[in-house]
Amino acid sequence: MEEEQEYLFKIVVIGDSAVGKSNLLSRFARDEFDHNSKATIGVEFQTQVVEIDGKEIKAQVWDTAGQERFRAVTSAYYRGAVGALIVYDISRSTTFENIKRWLDELNTHCDTTVARMLVGNKCDLENIRDVSVEDGKNLAEEEGLFFIETSALDSTNVKTAFEIVIREIYKNLS
Ligand code: GDP
Ligand code: MG
């Protein structure tokens, strides 16, 4: 009898404090949003099953639990990751300027085959936009990343962002 292959993909979510990492994860895994989320307590990762080409894939998505505030995201966090969402807040350009630092950190801990998505979150805040879509696209192109804008608040593109990364990881397997 043939064994069903088990697919388990570790995906890390990184980026500055308060860009919406924890809410992207809770929107993806539980379809929940938290308006006054403090530092995420305790939860290291959440697992969500996604179907790609008829295959069940478990996406194990890791959250920093606020460590990024102290620049202390550990190597254990990155260990074994095959995908990464690198997140900034479109209403705060400093979070976009720091993307390069997050990419450097990712590169020191993971090899270059990790599927990477640049995520401009909070696209619902169009009225106070501080980073243009063009700037996001250009950076992604320069760095060889996928690019998407999301809103964890109104759900725009959250599922899509994760699915593109998962699909890419799956594609790289075969
Ligand atoms: P983290 O520190 O990166 O994990 O960020 P959080 O998920 O804790 O979110 C930080 C703050 O931004 C919270 O007040 C959230 O309610 C808010 N937030 C997160 N995502 C969005 C979004 O897509 N749109 C808006 N308007 N606010 C968001
Ligand atoms: Mg958080």
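**Figure 1. The shell of residues around ligand 1.** Helices, such as the one named below, are DSSP runs of H or I with at least four residues, numbered from the N terminus. In this predicted model, the largest share of the shell around ligand 1 comes from helix α1 (residues 21-30), which supplies three residues. The shell holds 18 residues, and those that come nearest to ligand 1 are G20, K21, S22, N23 and L153. Sorted by class, the shell around ligand 1 is made up of nine polar, five nonpolar and four charged residues.

**Figure 2. Helix α1 and the elements that cover it.** Helix α1 is mostly covered, since eight of its ten residues are buried. The buried residues in α1 are K21, S22, N23, L24, L25, S26, R27 and F28, and K21, S22 and N23 also belong to the residues that come nearest to ligand 1. Against the buried residues of α1 pack the strands β1, β2, β3, β4 and β5, together with helix α6. Just after α1, the backbone at D31 takes a positive phi of about 55°.

**Figure 3. The open sheet of six strands.** The sheet is open and mixed in its pairing, with six strands that follow one another in the order β2-β3-β1-β4-β5-β6. Strands β2 (45-52) and β6 (146-149) stand at the edges, where each has a single partner strand, so one side of each is left without a neighbour in the sheet. From one strand to the next, the twist averages 25°.

**Figure 4. Strand β1 and its two parallel partners.** Strand β1 (residues 7-15) runs parallel to strand β4 (residues 83-89), and five bridges join the two. G15 has V87 in β4 as its bridge partner. The pairing of β1 with β3 is also in the parallel sense and extends over six bridges, with Y7 standing opposite I57 in β3.

**Figure 5. The hairpin of β2 and β3.** Strands β2 and β3 run antiparallel and are joined by eight bridges. Within this pairing, Q48 stands opposite A59 in β3. The two strands form a hairpin with two residues between them, and in the turn D53 has a positive phi of about 50°.

**Figure 6. Helices α5 and α6 across the sheet.** Helix α5 (residues 133-143) lies across β5 (115-121) and β6, and its direction makes an angle of about 160° with β6. Helix α6 (residues 158-173) lies across β1, β2, β3 (55-62), β4, β5 and β6, and runs at about 170° to β5.

**Figure 7. The largest nonpolar core.** This core contains 44 residues, of which I11, V13, L85, I86, V87 and V165 touch the most other members. At least two residues of the core are supplied by each of β1, α1, β3, β4, α4 (99-109), β5, α5 and α6. Helix α6 gives the most, with six residues. For I11, leaving aside neighbours within four places in sequence, the residues in contact are A59, Q60, V61, W62, A81, G83, A84, L85 and V165.

Figure 8. A18 is found in the loop between β1 and α1, and it has a positive phi of about 70° although it is not a glycine. A18 counts as partly exposed because 17 C-beta neighbours lie inside 10 Å, whereas a residue is buried if 20 or more other C-beta atoms lie within that distance of its own. N157 lies in the loop between β6 and α6, and N157 too is not a glycine, yet has a positive phi of about 60°. With 20 C-beta neighbours inside 10 Å, N157 counts as buried.

**Figure 9. The loop that holds G80.** G80 lies in the loop between α2 (75-78) and β4. This residue is exposed, because 12 other C-beta atoms lie within 10 Å of G80 and a residue counts as exposed with 12 or fewer. G80 and A65 are 15 residues apart in sequence, and from C-alpha to C-alpha they are 18 Å apart in space.

Terms used. Residues are numbered from 1 along each chain as its sequence is written. Chains are lettered from A and ligands numbered from 1 in the order in which they are written. This is a predicted model: local features need pLDDT of at least 70, side-chain atom pairs count only at pLDDT 80 or more; totals for chains, interfaces and linings use all residues. A residue is near a molecule or strand if its C-beta atom, placed from the backbone, lies within 6 Å of it. Ala, Val, Leu, Ile, Met, Phe, Trp, Tyr, Cys and Pro count as nonpolar, Asp, Glu, Lys and Arg as charged, and the others, Gly among them, as polar. Two strands pair if DSSP finds at least two bridges between them. Axes are lines fitted to C-alpha atoms, for helices over the stretch in contact, and angles run from 0 to 180 degrees between N-to-C directions. Two residues are in contact if their C-beta atoms, placed from the backbone, lie within 7 Å. A nonpolar core is a set of buried Ala, Val, Leu, Ile, Met, Phe, Trp, Tyr and Cys residues joined through C-beta atoms within 7 Å.
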